[in-house]
Amino acid sequence: MREKKDGNASQMPEVTRAKFRMAFWLLLFFLITLLWAYLTFPFLGFSSSTQNVFHGIMVASPFWITVIAVLLTLHRKMRG
Amino acid sequence: MRIESWQYDLVFFFFAFLMLREGRKIYGRQEASIFLWGSLLWTGIIENVNTILGAYDYFAYANYYSFGGKLIQGYGGWISWIVFVPAAACIGWFLLSLPAFMISGELLGKRNIWLKSTFAASMLVSWDVFYDPMAVVNEWWRWTAPGFYWHGVPIGNWIGWFFLLFFFGAIYERTVVQRGGFRWLSGAERLLFRANTLDLSDMDIYRVGRVFYFRLIAYLPAFFLCCFLVSAVSTSLWNNRWGPFNSVFPAVGQEQYMTPPEGVIPQQHTPVNRIGHHN
């Protein structure tokens with residue numbers, strides 16, 4: 001069993017940049033869904049769409065914190 | 001304001017395209033394609049089975065679209081379908097799971113595949129806890145099963161979300177990234193592929209893809225068993241949803257949840273009829 005590499009050494013900066021862009025698109029996608037949550041009807045049990053956004057930021061915090069953490073890690077890698 | 005299903009379609013397809021483009025640079029052209037086709041196969045089967053079993057349906061919305069109400073009520077509100085499931089739902093899972101898989105690999109390195117898939121799956125569950133209530137109020141889909149509901153969504157949904165990527169991520173990593181195998185499947189695979197599938201390093205990528213799809217199918221019973229067990233236990237302990245459930249595919253075995261016990265006031269689970277097309 002061998003471990004397949006993400007790419008060869010000469011391609012590594014490009015692979016890192018692609019990973020960074022992928023994480024960035026994911027964060028942007030999350031922000032768009034947060035915007036939708038603000039624009040749409042209140043979720044069941046809520047009385048305003050502002051509560052939707054607050055709820056989203058709270059419950060999805062493991063998601064967006066991880067995405068930001070990996071963005072920072074990859075940014076550092078690209079600079080180093 | 002209602003977020004229309006075509007807006008959902010467009011945004012999800014566009015971001016799926018972006019993820020596939022980056023995925024090809026990260027994992028390779030064929031490897032990323034295998035992830036995409038595997039996602040469609042995996043979620044297409046699972047979502048259709050759940051829909052046919054009456055857990056939820058996608059037909060509540062968009063009766064006013066072209067085929068709405070002709071074949072099955074509401075069928076036709078989305079741009080494209082995989083049988084009874086909008087393609088955007090399966091594509092949406094791909095656009096989230098590929099980056100989650102990449103992120104778990106980036107942060108956890110060469111750790112155990114099940115640990116990495118647990119991490120990626122938990123990350124997606126936290127996103128969906130936010131997202132699914134939005135689907136309910138916009139009537140992109142409706143939940144039609146008993147269970148413990150929170151903001152209109154049963155916790156069985158999030159249990160399913162967890163196991164979706166938990167199994168898929170681990171199988172993809174072991175098969176396509178590490179080019180290894182699962183001992184319990186090696187006998188059947190030896191017969192089917194006429195090769196030692198515990199080591200796929202000499203196998204061309206197209207055959208690796210076929211082995212991967214086979215493994216997804218082989219793990220389907222494990223997926224359904226895990227979801228069923230955890231959901232059944234949670235429903236029997238904490239059910240707060242009472243019928244009628246109004247699925248276009250009525251489920252069997254829901255009789256005990258049709259009438260709330262004396263003294264229990266049923267919660268309102270159907271969104272307020274905001275556009276007047278259905279209840």
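Predicted model: local features only at pLDDT ≥ 70, side-chain atom pairs only at ≥ 80, totals over all residues.

**Exercise 1. Describe the make-up of chain B: how many helices and strands does chain B have, and in what pattern do they follow each other?**

Solution. Begin by counting: chain B has seven helices and six strands. Next, walk along the sequence, and the pattern reads α-α-β-β-β-α-α-β-β-β-α-α-α. Then look at burial: 47% of the 279 residues of chain B count as buried. Finally, take the contacts in chain B with a separation of 6 or more; 68% of them join residues 24 or more positions apart.

**Exercise 2. Check the length of helix 2 of chain B: what should its 24 residues span at 1.5 Å a residue?**

Solution. Helix 2 covers residues 29-52 of chain B. The expected span is 1.5 Å times one less than the number of residues, so for these 24 residues it comes to 34 Å. Now compare with the model: the end C-alpha atoms are 34 Å apart, which agrees.

**Exercise 3. Find the surroundings of helix 2 of chain B: which elements cover its buried residues, and how does helix 2 of chain B pass helix 5 of chain B?**

Solution. First, pick out buried residues of helix 2 of chain B; among them are B:Phe35, B:Gly38, B:Trp42 and B:Ile46. Second, see what covers them: the cover of the buried residues includes helix 1, strand 1 (56-57), strand 3 (85-86), helix 3, helix 5 (155-177) and helix 7 (205-238) of chain B. Third, focus on helix 5 of chain B: its axis and that of helix 2 of chain B come within 11 Å and cross at roughly 145°. The crossing is right-handed. From helix 2 of chain B, the contact uses B:Glu31, B:Ile34, B:Phe35, B:Gly38, B:Trp42 and B:Ile46, while helix 5 of chain B brings B:Leu164, B:Phe168, B:Tyr172 and B:Val176. Sorted by class, this contact has eight nonpolar, one polar and one charged residues.

**Exercise 4. Turn to the side of chain B that touches chain A: which element gives the most residues?**

Solution. Start with the totals: 38 residues of chain B are in contact with 36 residues of chain A. The elements of chain B giving two or more residues to this side are helix 1 (5-27), helix 3 (87-108) and helix 4 (113-138). Helix 4 of chain B gives the most, with 12 residues. To finish, sort the residues on this side of chain B: 23 are nonpolar, eight polar and seven charged.

Note on methods. Residues numbered from 1 in each chain as written. Chains lettered and ligands numbered in written order. Contact = placed C-beta atoms within 7 Å. Helix = DSSP H or I, 4+ residues; strand = E, 2+ residues; numbered from the N terminus. Nonpolar A, V, L, I, M, F, W, Y, C, P; charged D, E, K, R; others polar. Buried ≥ 20, exposed ≤ 12 C-beta atoms within 10 Å, placed from the backbone. Axes fitted to C-alpha atoms, helices over the stretch in contact; angles between N-to-C directions. Left-handed = near helix turned anticlockwise from the far one by under 90°.
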